[in-house]
Every structure is written in structure tokens, then in C-alpha cells.
Amino acid sequence: MWLARVRVNIISLKDRTDTPPFCAPTVTGKYTILNDTPRKPVPFPTKKQILDFIKDAPGQVGKREIARAFALKGPAKIQLKKVLKELELDGKLGRGRQRSLATPDTLPDVTVLEITGIDTDGELLARPLSWQGKDQPPKIYVSQSGGRAAYGLRDRVLCRMRKISAKEYEAQVIRQISEAPSRVLGIYQDGGEGGRLVPTDRRAKSEFIIARENAMDAESGELVLCEPLPGRVFGLKPAKVVERLGDTNQPKAVSLVCIHAHDIPTEFTEEAVAQAENAKAVPLGKRVDLRNIPLVTIDGADARDFDDAVFAEPDSDPKNTGGWHIIVAIADVSHYVRAGDDLDRCAYERGNSVYFPDRVVPMLPEALSNGWCSLVPHEDRGCVAVHMWIDADGHLLRHKFVRGLMRSHARFTYEQVQMARDGQTDETTAPLMDTVINPLYGAFESFLRYREERHVLELDVPERKMSFDENGKVASIDKRERLDSHKLIEEFMITANVAAAEALEAKRQPCMYRVHDAPGLDKMEALRQFLGSLDIKLAKGQSPSPKIFNRILKQVEDTDQNTMVNTVVLRSQSQAEYNPENIGHFGLALHRYAHFTSPIRRYSDLLVHRALIRGYGLGEGGLEEGGRDFADMGEHLSKTERRAAAAERDAMDRYTTLFLADRVGASFGARINGVTRFGLFVTLDETGADGLVPIRSLPQDYYDHDEQLHMLVGKRGGFTFRLGQRVEAKLVEADTITGGMVFQLVLSPEDVAKAAKLGRGGNDKRGPRKGHRKTPKHKRRSR
């Protein structure tokens, strides 16, 4: 029992009058507990006071506890019983275990919960599966003690509940009821007595049937999110609509499909939005004033958030002839987003921004990402900046981190800066050529010497860029141009990231490294065998290094094998990830590396900023003691990064399918970019579109799949298809719902004749298999 009698302001016996003393009330929370007989009758509580008491009480509450809390006796207790009955009849009160009282928004002692995620402290969160309250459900922390396995998003568990406060519960899992229901995204097609769901995922095996009562009034052609229902062993499986997402004909429907298909969070909490909109400008205070330094931003033409600014000048130290003093200033996101607040929880859940061809799903609300955390020109902005000094060959000599106030002197685009460097200045670049642009390129040339010295892995992997017309439809798909201005910013950012990792090690602070492991022995052996088929030597058992890979890539440069070898070398690499344990970065040939330069769009960078602020004593917003484990955070952020990359690729593929949908029947120049036992994957030269050539559409033959050499080899006719091979491909199917495309190879007249001969049984010298009757020619099946 949580109530207790506490005696306060006791009047001594000699001071007692002939009437009983009144003992002052003891206040517990908002409620008064009286411990002796009052001098005058206590007012009877209102219905609201009774309901508030029941709602806020941490334990079970019955009539006796209410009477004690409000000092009700005799007739007042009879009146209390009548009031409680009225509240029950009005639906404002219910009965719990052992006749305890509870408001409708109070959870029962045992209930079914659905896992909703984790907070920044690593606590597992859930919500009641059936919530009847008018307000938002209380926050529920699920205990994972007892050696139980971790539960996943939308898993359903039966739990015993313990009320912590009016808005918080702790849940102890009794047992798991089911794993997360696999939701299906698709197009709703209306029918006579219901409808069907055509899944947007090309891996889905079949459609679903949706009864009229489960359709949520969805209209034909509408994009909907569904949950499969139990039942029907044969025929189409039933499902119910759980969310309507809008018309599929709207221009942004493609990215909307990808957002939901990959579970990308899109909504910020009301508290997070309010926190962002109430943000204010950063005062100078104890910050270093950098406003007179001509820092500039260089980004893409369509960029809306500018989170990094750069500056370079020759080093004035006579001992460092040809060296440079460089500044990289990054938006001070940690000033606005503090560990554990609503903005922080939303940002951590996302992990990073997601960039689709037509929209961005930001990690932070627009009021910050495009506002106070964007280094817009000619406005004061808070920043965390690093001063770096490099020698003439690009080696980092020393660095210093400061928390400052800066003012961007110009917003440049990559193309604009490159044109200025090449002699075509405009009214913005011309005044800053000598003081800003030329020194930036001077430092860049030093960085290039260091890059070549350490043999950074130089893969030639083209990227696609889409442009849209005024109606939101794809107008063109082109190869993204890579200028020296792109490489300049890349080298400045890489060096700043190295400085951040070095600084955190020196200050003995936790560091979220960006690590990239060397390829494993199995991948190296597979690569060796493949290269051997091209007469390119790779010693068996040789330790991998970027220098070795660059030598191989140099051999095939400007040859027909270039694309194929670049593709295979890329696939042999390990995947980069976030980890507090440093193993270096293989691809960049660096011993230590940490992301520091994009805290607007990557949570990992925000962690590095907080660690630097604490390590250097730069004020509030630093890393807190006893925060969440960095290893868990690294795993989470690596997953969100892979999730975003998959969604972005999916969107590019779907938009490309829409772009080519009206060109079914046309032929394109292409290369084979994948070889599997069920067919070939080809990439078109014109648009970079990918699609499948099913094995059944290849010339009739029996094909062996050589996994090591990435080849399909026909046993009878000698048809050979290998990775990187140039082909002509005809588009035969473009499914705009799933985003999949199917192609057919266009064969030469000689190959057509050979295939026809094989189809008639010619050149088949194997004869019938032993123990089998010879099958008549007209019944033979080829593949």
C-alpha cells in the first residue's frame, strides 16, 4: 500500500484545547492525506478530483484508498460509493483486478503490446495493440531481462504491466504472441464484392483478395498498405487495408512507394517540430568569431541545405614552404539537438537523410535542416570548425577544433566553381578568384599528391542523374558528371574527417569510426580466378591492398574489359560501416577515419561533434556520460544507412521503368552486369537502366552457370554469355507497378541460324541418356 499516515505539526498535550487538534495535511503529489480528525468537515471531492487521483496513482486504487486520500468518513463514504457508480455508468471508470478502479485510458494488468522501436537510451518501446483512450497512449518501456531474444519492430507480445506514472508503464514480457505481421504495399483494384491488391514488390508471388469491409473505402488504382489475414489454404490469400497512401498517378508516387516499402520514417513528433520551429540564432558568446574569414559553400545546383564551408590560404610558416592553412566549418547541429530530447530521438530513429530523385526525407525538420543549421550566405551561423595545416604534398601536420560563429561569403555550385577555374568567371566568382577559389585549388593539388602516394582505391563506377519536367515526370536520365570541383570538396572533407578521428583519440573520447575492412580471402580467391580467365595475374594468397587493385584497373583502362573488371572488383570489397572499434578504412587507405562533416544528414557525425565538444570543453551540447553504448549505435546507424541506400536504388529503378515504359519493343546497346543460373542482368548504355534477360529467352541450349567466371556456357551450341559482354537488348516488358523490366537479346543472323538448328535437334551429339528411351524430336524440351 502506497499510502501512509504521516503526523506533522503535532501539538503537545499541554497546548491542547477542549477540541481535538487539527493536524496539517501531508501532500503526496497533488493529493492531500489527513492523519487525524479535522477540526471541520472536509469538502467532498469533485468527480474530476477523484478521476485525477485514480489516473495518477502508481498502484491499484479502490474505494478504501480514495476515502483515505480525501479523509472521507461515515456518510461521505456512502456518497463516494454512489459517485463511483455514476462514473462507471458514464463510462469514465472501469473495474480492474480485485475490483480495483481504473480510468478508460488505464491499461489492464496484462495486455497485448506491439513493439514500436527503441529510444536513444536503448530502451525497447511499445504501444497497446488496442487503444481506446482519446489521447495518445502512454509510453511503455518493455523489459528485456531474463535472457529473452531481442524483439523486432511490430512484434506482438503479451505483457504484465506496472504503472510508473500517469503517462508511463513498465512491461514485463510473458510470452511472444507473433512476429511482426508482414505488411504488403500495393495497388488496390476494385471488384464486384471487394477488391484485389497487386503488390508493388516484384518478389511478391501473388496478389491478395480484400473483402469490402476490409478495404477502408479505398478507390481503384490507389496505393495502399495492407496486412495479410489468416485463412484460405487455396486460392488468393485475404488481406486488409491498414493505410491509404493516395493516387498512384501523382508524380511523387514512386518515392512514396519506396518510403513505405523500406520503412523509412517520415513523420516528426509534434514536440520535435515545435522544438525546431522555436529555435533561434546562435549568439557569439564565447565562440570564436570567424565572420571575417571568406568561407564559402560549394554544393550541387539543387541543394537546399549547406552544412559545410571551406577556406584555404598559403601557410605563412617559413618552415612549411608550399604548405596550406585550411578551414572546414560545419553547421553546429549539436547546439540545437541535445541528447535525449525529442529532436534527438527522431534523428536517431532515422539515422540519416534519404535522398530520392524528386524529394528528400530529412533527418531533421526543415526549420533546422534548411534554416538555422544551413550555412546560407551572408547570415550568421553557429559552426564547429577545424583549422588544418598541410604540407606541399598534402600530409596533415596539425589541426585545431573551435566552436565559432561564421558568415558564408558566397554559395557556389560545383559547375560554377569549375567554370571559374577554367577561365569563365561570373559576377559572383570573379571577385573571389584570387582570395578564395585559386587557393582552394592550390590546396587540392597538394591533396592529390597525398592521395596518389597512399594509393586510394580508384573505382570507375558511373552514377545516374535524373531531371524532371514541370509536371514531375522524368525528362532525362544522364550520367552524373564528376568535376575537379567535386573532388576538391571530397578531399577537404576527407582530411577534416581524419582530423576529427585523430582529435578524439588524443582527447581520449569515444569515437564513431567509419571503418572499411579489407576483402576476405574467399572473395580474393574468386577474384583471382576470374581475372585469370582474362589473362590478368593476381598472385594466390596475396594480401589485398588498394595499390594492387589500382594496378589491375589500370591494365583494363580504355578497353572493353574496363566496366566488367571495375564491377567485379567493386563486388569483391567489404561493406563500410560505423563502429567504435577502429580497423582503418581500406578503400581510402587511411589508418583512422570518422564522419564529421554532415551532422545535418548523418547522426554519426552528430555523435562525433558531441564528443569533440566534450573533449575540447567547447560548451553545452557535448557527449553525455553514461549514454547509450556506441557499439549498439554503430550497428543501428549502419542498418539505417543500408536501408536508405536500398530505398534510393529502388526509386531510381522505378523512375527509370516509368521513363522507358512507352519504349517497349525498342532495342538498346547494353552490357551484361550480372550472370545467374536463371538468366542475365543487363545495363543499358543510354540510361543505366537494369533489367533481366530470362534464361528461357536465350538461344535454345543447355546452359552451365560458372559462378567463379561469371558465365553462362551452352553445352551444345557453344553460346557463351559473360559479365561485361556487350549486347543488344530489346525491351519486352516494363512493369510500372513493381519497377521491373524484362529484356530479350537481339541476336545476329548467324546466331539466329545456329539457334534454329539447335532447336531442331542439330549438333546434339550426346544421344539419349543411359537407361532412358529416346524422346521424339518434336517432344524434346530445350532451355
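Me: What is the handedness of the crossing in which helix 10 passes helix 14?
Reply: This is a predicted model. In it, helix 10 passes helix 14 in a crossing that is left-handed.

Me: Are helix 10 and helix 14 parallel, perpendicular or oblique to each other?
Reply: Helix 10 and helix 14 (residues 603-616) have axes 10 Å apart and pack at an angle of about 45°. Angles of 65 to 115 degrees count as roughly perpendicular and those under 35 as roughly parallel. The angle therefore makes helix 10, relative to helix 14, oblique.

Me: Which residue with a positive phi follows helix 8?
Reply: Helix 8 covers residues 414-421. The residue with positive phi comes after this helix, and its phi is near 105°. That residue is G423.

Me: Why do helix 5 and helix 6 count as roughly perpendicular?
Reply: The axes of helix 5 (residues 270-277) and helix 6 (residues 342-350) come within 8 Å and cross at roughly 115°. The range for roughly perpendicular is 65 to 115 degrees. Helix 5 and helix 6 are therefore, relative to each other, roughly perpendicular.

Me: Which residues of helix 5 and helix 6 make the contact, and how many of the contact residues are charged?
Reply: The crossing of helix 5 and helix 6 is left-handed. Helix 5 contributes E271, A272, Q275 and A276, while helix 6 contributes D342, L343 and C346. The division is 4 nonpolar, 1 polar and, for charged residues, 2.

Me: How many helices and strands does the protein chain have, and what share of its residues count as buried?
Reply: The protein chain contains 16 helices and 35 strands. It has 783 residues, and the share that count as buried is 45%.

Me: What share of the accessible surface belongs to carbon and sulfur atoms?
Reply: The accessible surface of the protein chain comes to about 41,000 Å². The part belonging to carbon and sulfur atoms is 48%.

Methods. Residues are numbered from 1 along each chain as its sequence is written. This is a predicted model: local features need pLDDT of at least 70, side-chain atom pairs count only at pLDDT 80 or more; totals for chains, interfaces and linings use all residues. Side-chain values use heavy atoms; hydrogens and water are left out. Axes are lines fitted to C-alpha atoms, for helices over the stretch in contact, and angles run from 0 to 180 degrees between N-to-C directions. Helices (H or I, at least four residues) and strands (E, at least two) are DSSP runs, numbered from the N terminus. Angles under 35 degrees count as roughly parallel, over 145 as roughly antiparallel, 65 to 115 as roughly perpendicular and the rest as oblique. A crossing is left-handed if the near helix is turned anticlockwise from the far one by less than a right angle, and right-handed if clockwise. Contact means heavy atoms within 4.5 Å. Ala, Val, Leu, Ile, Met, Phe, Trp, Tyr, Cys and Pro count as nonpolar, Asp, Glu, Lys and Arg as charged, and the others, Gly among them, as polar. Buried means under 20% relative accessible area, exposed over 50%, partly exposed in between (1.4 Å probe, protein chains only). Accessible areas come from the Shrake-Rupley method with a 1.4 Å probe; for residues, only the protein chains shown count as cover.
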